[in-house]
Amino acid sequence: MHYRSTRGYIQTATAAEAIIEGIAPDGGLYVPTEAVPSFLLDQLPTSDYRELAKTIFTPYLTGFDNDAVLDSVNKAYSPDKFDHPSITPLHPLDDKLSVLELWHGPTSAFKDIALQLLPHLMRLAIRQSSEDKEIVILTATSGDTGKSALEGFKNIPGIKIVVYYPETGVSEIQKLQMTTQEGENVVVAAVKGNFDDAQNGVKTLFNDPRLAVTLADAGKRLSSANSINWGRLLPQIVYYFAAYLDLVKKGLSYGKKVNFVVPTGNFGNILAGYYAHCLGLPINRLICAANRNKVLSDFINSGIYNCRRPLHQTLSPSMDILISSNLERLLFELSNQDSELVNRWMKQLKQDGQYTISRAVHEKIRELFWSGCADDQKTINTIAGVYSQHNYLIDTHTAVGRAVLSEYLEQEADGLPAVILSTASPYKFTGSVTKAILGNSFNQNLSETELLKVLAAETGTAVPANLTGLEQKEIKHKQVIAPTAMRDHLLEILGIR
Ligand SMILES: *Cc1c(COP(=O)(O)O)cnc(C)c1O
């Protein structure tokens, strides 16, 4: 399998190159050059997530040593990283509805599924390509990605990880998770300003050719752990199959269709569902759930992508996004790999903040995708409703998914089983979840770390181990820098000046 750019760059890349580079030289995203034949569902391994992962990866990782891939998978999804033997357990709410818990990894967010594996894949990729430089992973984070990338890349030889988070805009728990990060090869710094300031600062570093030369002279090269990297998308295909095979164990017949509901931000998670569908997984609809920042819902319903609107801060901050990068891959695939069209739309997006897709592509999108949105009030009501009806706690992102599913079922009573992808532990957003469950009947002056105990005591559920004792940990990363100082900061921590 080779990979090519969605924008038509003439040269293809090997799997190893696609993973190391992250983004294609023309600014496009890497996609497989060929369709992988459908898997025979009844022949997939059903008892072990790791075996299933390896089976699904094999056709995509041409050139990788099979045993080394299995070894990577075993390391990534080991019992000391994930606190559930199924890795992504399926929790039934009733006979038609289940929640796929994607947050049993070391940082309690679904990004761990990909970011625990990506560092290992990157090491293998470096080993078998001609790459001789130290890889420096540069990441701007609005909260979840940073911590997840730090945990994945910490102490991985030959790779350094640098995370910039906005001084204002991450939750208290998210900030503590990052400032207390341990590891020999990790650097964390706050950037003055909001997420856009941190993100733009990182983009500027990636687009600075002089910096690239300086780094190359010092034997280093930048890479990205952002969700545009194919190595982040691939691991996410697995849990769609794992969920389906779990339903089969519980009585679903092979081949029967299922709806998946995905709380969506950068379109990475749901795009993995699209690739699962292409691999033969019987998916009826991929339901794209958005919060008040409903650019994607409007797009799926109208065929017009329009990001000329204010970005709202919501209770589901990991979905507060106006430009969903991974959508480009879907547009490429559904326009019969027409990179000219994709180029035109991406150029219009950059210049005018909007584009309109062709009717043919829009129709294909609407065949498989459905989308709706839920605001903060609906999110809170849904958390409370699910808790009182099912005695089950969900976080704010998962609640957006649950709310949008209700809207879907009102319009399309298809009677099919539905799986909601649960993207974060409720404890990661303790403030909002406690408020939803308890209303105003708790001490509003408590910090988020104190609220963990309140929520646990109230609901009889356990706080994930990685979130307990955070307030007692040593703060190792205290630096706060201006966006304009990021270049100097980077060179300094790399010992280049
Ligand atoms: C990143 C994230 C999302 C959005 O996922 P995408 O792949 O960007 O669509 C949703 N929920 C949580 C908790 C996240 O961390």
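A polar contact is a pair of N or O atoms within 3.5 Å. In this predicted model, an N or O atom in the side chain of Asp144 lies 2.7 Å from an oxygen atom of the ligand. The backbone also takes part: a polar backbone atom of Gly265 is 2.8 Å from a ligand oxygen atom, and for Asn269 a backbone N or O atom is found 2.9 Å from an oxygen atom of the ligand. The protein buries 96% of the 390 Å² that the ligand exposes when taken alone.

## The shell around the ligand

## Packing of helices H16 and H17

Two packed helices are described by the angle between their axes and the distance between the axes. Helix H16 spans residues 376-390 and helix H17 spans residues 396-411; their axes come within 8 Å and cross at roughly 90°. Because angles of 65 to 115 degrees count as roughly perpendicular, H16 is roughly perpendicular to H17.

On the H16 side, the contact involves Lys378, Thr379, Thr382, Ile383 and Val386, which meet Thr396, Ala399, Val400, Arg402 and Ala403 of H17. By class, the contact of H16 with H17 contains 5 nonpolar, 3 polar and 2 charged residues.

Terms used. Residues numbered from 1 in each chain as written. Predicted model: local features only at pLDDT ≥ 70, side-chain atom pairs only at ≥ 80, totals over all residues. Heavy atoms only, no water. Polar contact = N/O pair within 3.5 Å; in protein donor to acceptor, adjacent residues only side chain to side chain. Areas by Shrake-Rupley, 256 points an atom, 1.4 Å probe, with all protein chains shown as cover. Axes fitted to C-alpha atoms, helices over the stretch in contact; angles between N-to-C directions. Helix = DSSP H or I, 4+ residues; strand = E, 2+ residues; numbered from the N terminus. Parallel < 35°, antiparallel > 145°, perpendicular 65-115°, else oblique. Contact = heavy atoms within 4.5 Å. Nonpolar A, V, L, I, M, F, W, Y, C, P; charged D, E, K, R; others polar.
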